[in-house]
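User: I have a structure open and would like to talk through some of its local features with you. Could you take my questions as they come?

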Amino acid sequence: MGSRREDQELSSDSEVMARTERKAFSGPLGPSSSSGAWRRIKSLDRKRTSTSTENDDDEAYVEITLDILDDSVAVHSVQAAGGGGHEDPQLALLAKKTLEGKKSASFRSSLLRSTSTHIRQVSQELKRLASFSKRNSGAGRRIDRTRSATAHALKSLKFITAKASAANGWASVEKRFDDLTANSNGLLNSSLFGECIGMNKESKEFAGELFRAIARRRNISGDAINKAQLREFWEQISDESFDSRLQTFFDMVDKDADGRITEEEVREIISLSASANKLSNIQKQAQEYAALIMEELDPDNVGYIMVENLETLLLQAPVHHSVTVSDSRVLSQLLSQKLKPTQENNPIKRCYHKTKYFLLDNWKRVWVLMLWISIVSALFVYKFIQYKNKEAFEVMGYCVCVAKGGAETLKFNMALILLPVCRNTITWLRNKTKLGVVVPFDDNLNFHKVIAVGIIVGVGLHAGAHLTCDFPRLIHATEEQYESMIPYFGEDQPDNYWWFVKGVEGLTGIGMVVLMTIAFTLATPWFRRNKLNLPKPLKKLTGFNAFWYSHHLFVIVYALLILHGIRLYLTKKWYYKTTWMYLAVPVFLYACERLIRFFRSSIKPVKILKVAVYPGNVLALHMSKPQGFKYKSGQYMFVNCAAVSPFEWHPFSITSAPGDDYLSVHIRTLGDWTRQLKTVFSSVCQPSAAGKSGLLRADMQEENNPSFPKILIDGPYGAPAQDYKKYDVVLLVGLGIGATPMVSIVKDIINNMNSLKNKELDEYAVLDDVLESGRAGNNTNNNSSSNGKNNKSNKGFRTQKAYYYWVTREQGSFEWFKGILNEVAEMDEKGVIELHNYCTSVYEEGDARSALIAMLQNLHHAKNGVDVVSGTRVKSHFAKPNWRQVYKKIALHHPDSRVGVFYCGAPALTKELKQLALDFSHRTSTKFEFHKENF
């Protein structure tokens with residue numbers, strides 16, 4: 001009776017909550033208790049079936065003990081019911097995070113109602129997690145048809161997406177069938193089956209095997225089916241029962257339909273799955289992996305496996321399906337309720353909050369832009385007022401004021417635009433001063449572009465006012481009006497535009513406008529990144545080379561600007577001609593920068609030590625480190641190869657760590673220069689020997705001693721990622737070749753950790769020596785000098801945890817940093833770095849096309865410690881990461897911490913990562929600071 005009454009109370013509470021607004025629990029639950037003492041409540045959330053036994057009943061629920069004091073609730077313990085279980089700390093932590101929160105007056109009137117409802121929500125979700133704990137804590141793992149194991153298996157054998165369910169998906173399948181069979185008398189060929197059910201072209205072979213498997217099961221011969229048969233096929237594919245999916249998958253492997261799967265059939269399905277997922281390396285080793293699966297599922301060596309063996313493999317939950325937050329969708333929803341933005345009804349408050357968050361996130365950019373706009377506006381107003389009081393105003397009116405105001409802003413911006421690209425100066429300021437606290441050095445190139453827009457506006461005001469207003473008024477002025485202009489334009493009044501064009505002022509002005517138009521146009525993303533589909537003769541106008549060479553037209557532009565500023569119509573005294581005054585310091589500084597680059601690259605030559613060409617068109621260069629070349633992880637340098645072009649310098653992230661005795665860069669061929677560079681170095685390489693990574697290799701230590709092209713380097717230069725050390729936690733995200741700066745950081749973190757560890761050991765050793773010898777003074781001095789270098793290198797190092805996410809499309813890409821990832825995985829004894837590799841060519845976990853790859857991955861990694869996808873010790877994930885889950889995980893594990901998010905890769909992901917950083921910073925105690933690499 002007590003149990004039934006408790007269930008009725010819970011049901012009643014749920015009904016009350018259903019009629020009111022449902023809210024995620026995030027605070028105190030109700031009014032203070034009368035005595036103020038702790039009250040302990042045990043919640044038993046049971047889920048019974050008509051056939052369950054008393055024993056099974058205990059496994060069907062968990063017991064949560066809560067301590068209640070006043071309006072606060074704390075989790076005392078969480079354990080499986082039945083009396084024999086021990087408390088699971090992970091479950092307690094999850095429940096605690098779900099139930100804790102801020103004080104909320106709205107909940108105080110309904111303590112028991114809210115408590116029971118939320119206990120029920122949480123406990124229902126924790127049932128499965130408790131079952132995991134119980135099974136894993138046993139002496140051996142039992143493979144059975146538990147709810148959780150079957151659910152995992154179901155997720156691993158989906159033949160269609162969740163959106164295309166049997167009921168909802170058939171309408172679109174039927175429509176595609178009608179379109180595809182319009183000319184074939186209502187018969188669908190097996191080659192079109194994949195397209196008809198919604199699979200992509202890459203899965204054509206897989207879809208063909210699926211077609212033949214279902215056809216064999218239904219005794220259908222031939223390569224074509226009608227609509228009725230397709231409906232039967234579709235119902236079987238979309239059947240969500242485990243047995244149906246298992247049988248369908250088994251039939252795909254069992255090609256001769258004898259109810260047994262041989263090693264050859266396993267090899268064929270592995271090869272097919274690898275082909276569908278673009279995993280060429282697995283396809284090449286299909287025979288080896290088939291033998292591995294047979295060894296696991298056929299221990300008696302009978303030569304075949306049955307459907308029961310395959311079921312056993314599917315029902316085994318993989319290692320990474322342990323009790324984690326990501327395993328629970330409901331708990332995840334409860335924990336993230338406060339992250340969902342709430343709509344503020346008051347528009348004033350809504351605007352206030354948006355403005356507040358914007359200023360908090362962008363205050364560095366805001367004050368710099370406000371200062372720039374203020375200076376530009378002040379210069380414009382100053383010149384406008386000055387010319388309003390001159391004689392020229394009587395003839396040309398406000399037009400001359402606008403023209404001269406625009407000219408003044410133009411002179412200032414032409415001087416200022418050089419400063420953001422003085423890379424040596426910015427790097428020095430970033431490394432040696434504290435200006436980085438208030439100045440956004442990471443946005444130097446963005447500020448460069450903003451100033452360019454200001455220049456365009458200045459040119460428009462200056463040239464537009466002259467051509468459309470000043471000159472026409474001067475040409476049409478009366479003799480009396482023109483008389484005051486004689487000292488400036490001469491006795492003869494201009495009678496047409498040609499008079500202005502043929503002079504030095506006109507020629508220099510037109511020349512500047514034409515050259516700047518060319519440079520600005522070719523610098524736009526459409527031209528610089530080859531986004532325009534131009535005819536072949538015009539293709540050379542796009543790409544980095546066109547941008548690089550056209551940008552050097554600025555030398556001519558500045559010469560014309562100085563000449564234009566000397567030959568002014570309305571200013572005759574030299575000290576009023578201020579153009580050269582604006583330009584003197586920035587041009588001198590930039591000229592010094594270029595001279596430093598030239599001499600530094602010539603004085604500090606590098607020697608190529610090793611070259612490797614990897615899949616994915618990536619060239620790796622290992623070179624000697626010049627004496628005095630000091631850099632930080634995350635920084636980049638410019639590379640020049642005279643064999644390709646003596647004038648072009650291109651920036652690349654340094655992939656070696658500061659502690660390495662060499663420099664390395666990884667260069668992907670994305671343009672003309674990089675393509676030619678790869679060709680030049682490939683010509684001196686040989687095919688890789690067995691056991692070595694890369695398609696082609698050349699090493700100075702080998703006997704053939706290849707003759708490498710000459711390489712010059714210039715740098716290092718500052719980048720956002722170099723400041724990772726000031727964060728407690730870092731999230732490193734690399735997309736494709738964008739992993740290059742992150743690899744250096746990962747290595748540097750391990751080196752710093754080991755350095756700190758060695759320093760502590762040295763201090764203990766010295767202390768022991770001091771105690772034994774009694775010579776405290778001498779030993780202390782010696783210890784200080786010996787550890788001075790380590791103290792300097794570890795200065796400011798705060799990072800305690802790093803999350804590394806590398807997302808790439810191709811399996812071959814993992815070879816780029818295979819050695820480095822293995823080295824980090826081996827050296828990271830304390831688990832400081834979480835390495836996550838994602839291969840997006842593989843279908844997401846749960847898709848039948850990747851099911852066998854996932855099984856193979858788990859088996860191979862468990863037996864050999866090597867991932868079959870990446871070839872490293874780091875286990876790979878399939879498809880794309882769920883970035884919200886990534887941020888949520890970090891926020892839950894690192895409350896009240898500053899997390900540096902560093903991203904390098906395609907711009908498409910920038911917006912999402914930045915927005916998530918802002919959302920989680922605003923709504924959790926963890927503060928995420930987003931940084932993107934800019935070259």
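User: Where is tryptophan 367 found?

Analyst: Bearing in mind that this is a predicted model, tryptophan 367 is found in helix 16, which covers residues 347-388.

User: And what is its relative accessibility, and how is tryptophan 367 classed on that basis?

Analyst: The relative accessibility of tryptophan 367 is 35%, so this residue counts as partly exposed.

User: Which residues make the nonpolar surface patch there, and what is its area?

Analyst: Tryptophan 367 contributes to a nonpolar surface patch of about 600 Å², together with Trp363, Leu371, Ile375, Leu435, Val437 and Val438.

User: Switching topic, how many disulfides does the structure hold?

Analyst: There is 1 disulfide in the structure, and it is formed by cysteine 399 and cysteine 469, whose sulfur atoms are placed 1.4 Å apart in the model.

User: What about the handedness of that link, and are the two cysteines buried or exposed?

Analyst: The link of cysteine 399 and cysteine 469 is right-handed, with 40° about the S-S bond, and both cysteine 399 and cysteine 469 are buried.

User: Staying with helix 20, what can you tell me about leucine 474?

Analyst: Leucine 474 is found in helix 20, residues 444-475, and because its relative accessibility is 0%, leucine 474 counts as buried. Beyond its neighbours within four places in sequence, leucine 474 is in contact with Val395, Met396, Tyr482, Met485, Phe489, Gln493, Pro494 and Phe500.

User: How far apart are leucine 474 and methionine 396, in sequence and in space?

Analyst: Leucine 474 and methionine 396 are 78 residues apart in sequence, while their C-alpha atoms are 6.6 Å apart in space.

User: OK, back to helix 18: is lysine 411 buried or exposed?

Analyst: Lysine 411, which lies in helix 18 (residues 398-416), has a relative accessibility of 12% and therefore counts as buried, the cut-off being under 20%.

User: Now a strand, please. Where does histidine 622 sit, and what is it in contact with?

Analyst: Histidine 622 is found in strand 9, residues 618-624, and, with a relative accessible area of 15%, histidine 622 is buried. Leaving out neighbours within four places in sequence, histidine 622 is in contact with Lys607, Ile608, Leu609, Lys610, Tyr662, Leu663 and Ser664. As for lysine 607, the C-alpha atoms of that residue and histidine 622 are 8.7 Å apart, and the two are 15 residues apart in sequence.

User: Last one, the overall picture: how many helices and strands, and what share of the residues is buried?

Analyst: The secondary structure of the protein comes to 35 helices and 21 strands, and buried residues make up 48% of its 935 residues. Among the contacts in the protein with a separation of 6 or more, 73% are between residues 24 or more positions apart. The protein exposes about 47,700 Å², with carbon and sulfur atoms supplying 55% of that area.

How values were computed. Residues numbered from 1 in each chain as written. Predicted model: local features only at pLDDT ≥ 70, side-chain atom pairs only at ≥ 80, totals over all residues. Heavy atoms only, no water. Helix = DSSP H or I, 4+ residues; strand = E, 2+ residues; numbered from the N terminus. Buried < 20%, exposed > 50% of the residue type's maximum accessible area, 1.4 Å probe, protein only. Patch = residues over 30% accessible without salt bridge, like charges linked within 9 Å, V, L, I, M, F, W, Y side chains within 5 Å. Areas by Shrake-Rupley, 256 points an atom, 1.4 Å probe, with all protein chains shown as cover. Salt bridge = Lys/Arg side-chain N within 4 Å of Asp/Glu carboxyl O. Contact = heavy atoms within 4.5 Å. Disulfide = S-S within 2.5 Å.
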